[in-house]
Structures are given as structure tokens and as C-alpha cells.
Amino acid sequence: MSFLQQPINLLVTGGCGFIGSNFIRLLLGDELPQMQVKSLVNLDKLTYAGNLENLVDVADDSRYQFVKGDILDAGLVTRVLKENHIDAVVHFAAESHVDRSILDSSPFVQTNIVGTQTLLDAARVAEVKRFVQVSTDEVYGSLGNEGFFTEQTPLAPNSPYSASKAAADLLVRSYCHTFDFPGIITRCSNNYGPYQFPEKLIPLFISNARNNRSLPVYGDGKNIRDWIHVSDHCKGVAKALWQGKPGEVYNFGGRCELQNIKLTELLLELLDKPKSLIQYVNDRPGHDLRYAIDCKKAETELNWSPEVTFEQGLQETVDWYLEHESWSERILSGEYQKYYQQQYGETLNSD
Ligand code: NAD
Ligand code: DAU
């Protein structure tokens with residue numbers, strides 16, 4: 001019997017962040033009965049974006065173990081893989097925010113590139129059976145008004161963040177090619193949903209609107225993103241792990257392209273707030289115009305497709321943030337205040 005047909009010992013990196021925490025909750029729940037874990041170790045450094053509170057509901061699951069640590073710590077990573085007889089790794093841990101990478105790219109190079117290389121070396125020695133590199137559509141660069149990113153689109157990253165993710169993807173590719181390493185790369189478009197750090201567009205704008213603060217729309221607001229609910233992305237990653245072919249790349253997208261300004265107006269409508277809160281601000285340097293994913297390969301080969309409609313997903317997301325005000329407030333304290341001041345030139349006091 002193939003190891004994937006029996007419950008596996010899984011290492012998830014970055015499980016205390018937005019997508020990682022949703023992924024762990026999905027795997028420890030009963031929605032995917034064919035995809036069983038015997039044990040799941042979550043290795044996370046708990047940066048500003050990592051929060052143990054995101055996983056309180058699974059903390060007592062006997063299959064679950066949290067290890068606080070850095071993927072750059074080769075000794076620790078090697079020990080975790082060995083002691084837990086890890087069969088497979090799903091690698092989410094990263095510095096994930098484009099604007100921060102423009103302010104300072106060094107943590108992006110360290111975690112996203114050197115961290116991935118450290119993990120790859122340890123995983124190769126531990127002879128894991130699968131290694132899923134969770135990557136992004138941003139590695140493909142920017143589209144004009146036409147066309148879609150496919151798995152064949154050449155890599156052309158434009159920000160320090162996307163360049164660091166592309167470098168990591170190329171390392172995974174090279175390990176597959178050189179060492180017959182069982183790596184799989186997934187590339188997804190913009191996620192939204194519960195537990196997203198409120199520096200990203202949707203949770204930031206919900207939080208600002210709720211507090212009658214302005215919503216800083218970059219440039220003319222006409223940049224387009226392809227939005228996907230985080231639960232659909234997580235199911236895609238699980239399918240790539242259990243059903244994907246080593247050496248392959250799979251794109252995931254929501255088939256939901258929207259201009260930032262349209263999305264901003266939709267959020268204001270759902271929150272019953274006036275359009276006068278919109279404030280056009282300086283554009284993000286090097287701002288990619290449009291992302292749009294062709295996910296036919298994942299549909300055909302993984303039998304995956306996005307299930308959550310944007311209308312339903314966005315309403316539920318707005319409701320979740322309104323119901324979890326205290327979560328957002330705790331998250332927005334401390335280090336984030338400094339970043340907000342630097343990025344937007346104002347403090348976070350509500351009116
Ligand atoms: P996030 O910023 O919310 O979470 C990142 C997590 O990684 C945090 O828990 C953090 O503590 C942890 N981490 C950071 N550096 C670490 C290190 N050196 N060692 C161990 N842990 C570390 O990110 P996210 O939005 O959940 O994204 C997760 C992954 O998915 C990233 O690799 C990102 O590139 C990719 N991705 C994100 C999106 C999106 O829309 N958010 C879309 C496609 C792909
Ligand atoms: O496409 C996948 C990527 O999506 C992931 O790889 C990244 O980790 C994730 O952060 C996200 O990147 P974006 O840069 O697209 O997401 P962000 O939420 O920062 O911005 C979405 C769009 O909104 C983008 O065009 C910039 C714009 N924006 C963003 C912020 C924070 C604004 O206009 N104002 C803002 O204040």
C-alpha cells in the first residue's frame with residue numbers, strides 16, 4: 001500500500017499564520033476522510049504574523065503538536081523531522097506581505113529563500129515522501145488586460161517578496177531535478193477569509209471602515225486581483241499533497257477577478273459605510289496590474305475547483321471580522337502599530 005493511502009505523519013511550517021492555520025483545521029477536521037493524518041507537527045517561529053490563538057480549537061487534539069522555531073534552524077528542523085518520523089512536509093512559512101518586502105527585503109531573503117533551502121536539505125536527508133512548496137501567482141509577474149497565468153508562464157517576479165518566492169520555487173525545482181526529490185509546487189492567487197493578518201487589503205479595510213478610518217487605495221484602484229476563499233486554497237494544497245505528482249506545479253485561483261476599487265466599494269456596502277472613506281494614496285512601487293489564474297490543470301488532474309462563491313465568502317468574511325473584533329484588536333497592537341505608521345504615515349487611533 002502506498003504511504004499516502006494510510007494516515008501520515010505531517011510537518012506543516014508556518015501553521016500559525018492565515019492559510020496555515022486554516023489548513024491545519026481542515027486536516028484535523030472530518031471534511032477530507034480520504035486524507036488522514038496520524039500526527040501533525042506545526043513548526044512556526046511566531047513572527048508578527050503568527051498567532052497561537054488561531055489554533056486554540058485544535059490545540060488539544062492528540063494528533064497535534066506545536067513546535068516554536070525557525071525554519072532557518074537546521075538542527076531543529078532535522079530533529080523535528082527525525083523524532084516525528086515525518087512522511088511529508090507542507091511548507092507555508094514565509095514573510096508574505098509585499099509592502100513589507102519593499103520597506104526591507106532582508107527577512108524575505110532569509111526566511112523565504114534560505115529557510116526553504118534549509119528545510120529542503122533536512123527533508124532530503126530525512127527522505128520525506130512528499131514536500132509541498134506553497135507558492136504564489138505573483139512569481140509570474142503581471143498580466144496586461146488579457147490572458148491568464150498557466151503553469152507554463154515564465155517566472156518574472158516584480159517585488160522583493162515575489163522574487164524571494166520564485167527563488168524558493170526554483171530551489172524546489174532544482175532538488176526535484178538533481179536529487180529526484182519528491183517536491184510539488186502550488187501557486188495560488190489572493191486568498192481571503194478568517195484569520196488573515198489585518199495588513200492585507202480585505203481585513204485592513206474592514207477594520208478601518210469599522211473604525212471610520214480612511215481606506216487607503218493605492219494608485220487609481222484599477223489593479224486587479226483574482227480572489228479565492230482560503231478554504232478552497234487549502235483543499236487544493238491537500239489534493240496536491242495526496243494526489244499530485246512529484247516534480248509538478250499546480251495553479252489555484254478563484255476565477256474571480258476584481259478591481260481593487262470595486263472590492264473596496266463592495267466592502268463599504270456590506271459594512272454600510274460611506275464611499276467618502278475611500279482615500280486614494282501613493283501607488284505601491286512596482287505595483288503589478290493584474291493577476292488571473294488558469295487552473296485547468298488542477299481541475300483536470302486533481303479534480304479540484306473553487307467551491308465558495310465570492311458573494312457568500314465575502315459576506316461570511318465580513319461577519320467573521322465583525323464577530324472577532326477583539327482578535328483583530330489584539331493582533332493590531334504592538335509591532336503592527338509601528339509598521340502602520342511607517343507605511344501610511346498615520347497612527348491607528350479610531351475616531
Ligand atoms: P502569514 O504571513 O499569515 O503567515 C506566515 C506564517 O509563517 C506565520 O505564522 C509566521 O509566524 C510563520 N513564519 C514566518 N517566518 C518563519 C520562519 N523563519 N520560521 C518558521 N515560521 C515562520 O502568511 P499566509 O498569508 O498564511 O501565507 C502562507 C503561505 O502561502 C506563504 O508561503 C505565502 O507566500 C503563500 N501564499 C499566500 C497567499 C495569500 O493570499 N495570502 C496566496 C498564495 C500563496
Ligand atoms: O497573489 C497572491 C498574493 O496575494 C500572496 O502571494 C501574498 O502573500 C498576499 O499578500 C497577496 O498579495 P497582494 O499584494 O496582492 O495583497 P494585498 O492584500 O497586500 O493587496 C491586494 C491589492 O490591494 C493590491 O493590488 C494592493 C492593493 N492595496 C493593498 C493594501 C494593503 C491597496 O490598494 N491598499 C492597501 O492598503
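Which residues come nearest to ligand 2? Of the 26 residues around ligand 2, the nearest are Asp137, Tyr161, Arg284, His287 and Tyr344.

A word on the ground rules. The model is predicted, so local features need pLDDT of at least 70 and side-chain atom pairs count only at pLDDT 80 or more, while totals for chains, interfaces and linings use all residues. Residues are numbered from 1 along each chain as its sequence is written, chains are lettered from A and ligands numbered from 1 in the order in which they are written, and side-chain values use heavy atoms, with hydrogens and water left out.

**Stop 1: ligand 2**

Show the polar contacts (pairs of N or O atoms within 3.5 Å; within protein, one must be able to donate a hydrogen and the other to accept it, and residues adjacent in sequence count only if both atoms are side-chain atoms). Pick His287: a polar side-chain atom lies 2.7 Å from an oxygen atom of ligand 2. Go to Tyr218, where a polar backbone atom is 2.8 Å from an oxygen atom of the ligand. At Pro216, a backbone N or O atom lies 2.7 Å from a nitrogen atom of ligand 2. On its own, ligand 2 has 690 Å² of accessible area (Shrake-Rupley method, 1.4 Å probe; for residues, only the protein chains shown count as cover). The protein covers 95% of that area.

Now colour by element. Helices (H or I, at least four residues) and strands (E, at least two) are DSSP runs, numbered from the N terminus. At least two shell residues each come from α3 (98-103), α6 (201-210) and β8 (215-218).

Then colour by class. Ala, Val, Leu, Ile, Met, Phe, Trp, Tyr, Cys and Pro count as nonpolar; Asp, Glu, Lys and Arg as charged; the others, Gly among them, as polar. The shell around ligand 2 has 11 nonpolar, 8 polar and 7 charged residues.

**Stop 2: ligand 1**

Select ligand 1. In the side chain of Tyr161, an N or O atom is 2.6 Å from an oxygen atom of ligand 1. A polar backbone atom of Ile19 is 2.8 Å from an oxygen atom of this ligand. Asp70 places a polar side-chain atom 2.9 Å from a nitrogen atom of ligand 1. Of the 840 Å² of accessible area that ligand 1 has on its own, the protein covers 96%.

**Stop 3: Asn54**

Select Asn54, in the loop between β2 (37-44) and β3 (64-68).

**Last stop: the whole protein**

Zoom out. The protein has 12 helices and 12 strands. Its C-alpha trace spans about 60 × 45 × 40 Å along the principal axes. Of the 351 residues, 57% count as buried.

Technical notes: Near = heavy atom within 4 Å. Buried < 20%, exposed > 50% of the residue type's maximum accessible area, 1.4 Å probe, protein only.
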